[in-house]
Amino acid sequence: MRADAPVVIIGAGHAGVQAAASLREEGFNDRILLLSGEEHLPYQRPPLSKAFMTKEKMGDALLLRGPAFYTDQRIELALGEAVEAIDRAQREVVLRSGGRLSYRHLIIATGSRVRDIPLPGAELDGVLRLRNLDDACLIREHLSSAAQVVVIGAGFIGLEFAATAVKAGAQVHVVESASRVMARAVSENISNFFRQAHGDFGCTIHFGCQVERIEGDRGRVTGVVLSEGRRLPADLVLVGIGTLALDEIAREAGLDCRNGISVDVGLTSSDETISAIGDCALRFNSFAADTTRLESVQNAVDQARVVARKLVGRTASYASLPWFWSDQGDLKLQMAGLVGDCDSSVLRGAPASRSFSVFSFKSGILRCVETVNRPGDHLAARRLIGEGVSITPKQAADSAFDIKSLFARLHSR
């Protein structure tokens, strides 16, 4: 390792850019090298499945930071520089272009990739995946002339895109192997509401179905055949069946990896000179009471800030409350906490009003709040769960119960 070796960050998504920015905010004055395998300036990913699909140009609104930011903050941004390998013995990264770069500390923020679908016809033109800006541009181009769209997977990305495609004038079918939408992430109340909402948008969802094959003509997709034998015509097929951590270079370097790169409370990997943050990082989460890998902007940003504090010698550990959002048509779903192991829930407000919340509990303790078009409840929930304050199911169900006044009473003691 050279004496002037920089902190090197692999990946220029939300996590990587925030890590570089936070290092400067924490007073780190030495070199920072931010490597991106893409040619684009670092950009936001959430709009790609929604607003970006219907707008010809978004200008600088899509960028995470303006072009001058990197120069002003002395962040060496290297676009189109993919990392091929990590040489831990020499503390160097090997670039796909053939170069080698020394690092003082390495931050891996490579994110995740769309899970492959091993089906006949998956390689046809018009069978697409959405993970980056180039993917989004290709999907938008196909969507402009697609009359029939099939979405495989009723997760966040699939449903966000389905709502966008319906609005663009396409007939949309969603194929889901589970019995409800967003089954791994949300409560049954929320699943039921969004199933009905997407039906109202004009989307048809097929539950408990597997795709047997994808058909095409002259190399171009023409339809999707389900295991039950039904055929759905398609000019465009979006595959959205989950993601896998982009942790190959970490695995090949001998780091401890399972479903992602294993890290401790300070986001340090099994090599003390290497940290991992964002979608590719796997760690114990106290809110899940389990080891898990979270995919959200909040998780990426908060973890980046922790690593920056650690690298300037401050006490740093990651214990942030997970929160998420998803925009589907005119509905904004926001979640604070994790619903997975909750054993009871109550409604606050009426789903028919298209503005309501679901408060979920485990053993009588509030663990998760999901809101639809109800940002006030979401912000209150983040404070409640984040500060370890619980309310009773009866209080949660009572829309007249003032959560803000609860905080005022607690903080006045």
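Which residues is Phe-194 in contact with, once its neighbours within four places in sequence are left aside? Keep that question in mind.

First, a caution. What you see above is a predicted model. Every value I give is computed from it.

Let's start with the whole protein. Its secondary structure comes to 11 helices and 27 strands. The radius of gyration is 22 Å, and the globule rule gives 22 Å for 413 residues, so the protein is as compact as a globular protein of that length. Along the principal axes, the C-alpha trace spans about 70 × 60 × 40 Å.

Of the 413 residues, 51% are buried. The exposed surface comes to about 18000 Å², with 48% of that supplied by carbon and sulfur atoms. What about charge? There are 48 positive side chains and 49 negative ones. The centres of those two sets lie 5 Å apart.

How does the chain meet itself? Take contacts between residues at least 6 apart in sequence. Of these, 61% join residues at least 24 apart.

Next, the cores. The largest nonpolar core has 61 residues. Among those with the most contacts inside it are Val-149, Phe-161, Phe-194 and Leu-236. Helix 5, residues 156-167, gives this core its largest share, five residues. There is also a second, separate core, with 49 residues. Ile-107, Leu-267, Val-306 and Val-307 are included in that one.

Back to my opening question. Phe-194 is in contact with Val-181, Met-182, Gln-328, Leu-331, Leu-333 and Val-372, leaving aside its neighbours within four places. Find those on the structure. Notice Met-182 in that list. We'll meet Met-182 again.

Stay in the largest core and look at Val-149, another of the residues with the most contacts there. Val-149 lies in strand 10, residues 148-152. Is Val-149 buried or exposed? Its relative accessible area is 0%, so it counts as buried. Beyond its neighbours within four places, Val-149 is in contact with Leu-143, Phe-161, Ala-165, Ala-170, Gln-171, Val-172, His-173 and Leu-236.

Now helix 6, residues 188-201. Ser-191 lies in this helix. Its relative accessibility is 1%, so Ser-191 is buried. Leaving aside neighbours within four places, Ser-191 is in contact with Arg-180, Val-181, Met-182 and Val-186. So where is Met-182? It is found in the loop between strand 11, residues 171-176, and helix 6. Met-182 has a relative accessible area of 4%, which means it is buried, because the cut-off is under 20%.

One last topic: backbone angles. Most residues other than glycine have a negative phi. Two residues here go the other way. Met-182 has a positive phi of about 50°, and it is not a glycine. Arg-74 also has a positive phi, near 55°. Arg-74 sits in the loop between helix 3, residues 67-72, and strand 3, residues 75-78. How accessible is Arg-74? Its relative accessibility is 44%, so Arg-74 counts as partly exposed.

Notes: Residues are numbered from 1 along each chain as its sequence is written. This is a predicted model: local features need pLDDT of at least 70, side-chain atom pairs count only at pLDDT 80 or more; totals for chains, interfaces and linings use all residues. Side-chain values use heavy atoms; hydrogens and water are left out. A nonpolar core is a set of buried Ala, Val, Leu, Ile, Met, Phe, Trp, Tyr and Cys residues joined through side-chain atoms within 4.5 Å. Buried means under 20% relative accessible area, exposed over 50%, partly exposed in between (1.4 Å probe, protein chains only). Helices (H or I, at least four residues) and strands (E, at least two) are DSSP runs, numbered from the N terminus. Contact means heavy atoms within 4.5 Å. The radius of gyration is taken over C-alpha atoms; the globule rule is 2.2 Å times the number of residues to the power 0.38. Accessible areas come from the Shrake-Rupley method with a 1.4 Å probe; for residues, only the protein chains shown count as cover. Lys and Arg count as positive and Asp and Glu as negative; His and the chain ends are not counted. The place of a charge is taken as NZ of Lys, CZ of Arg, CG of Asp or CD of Glu.
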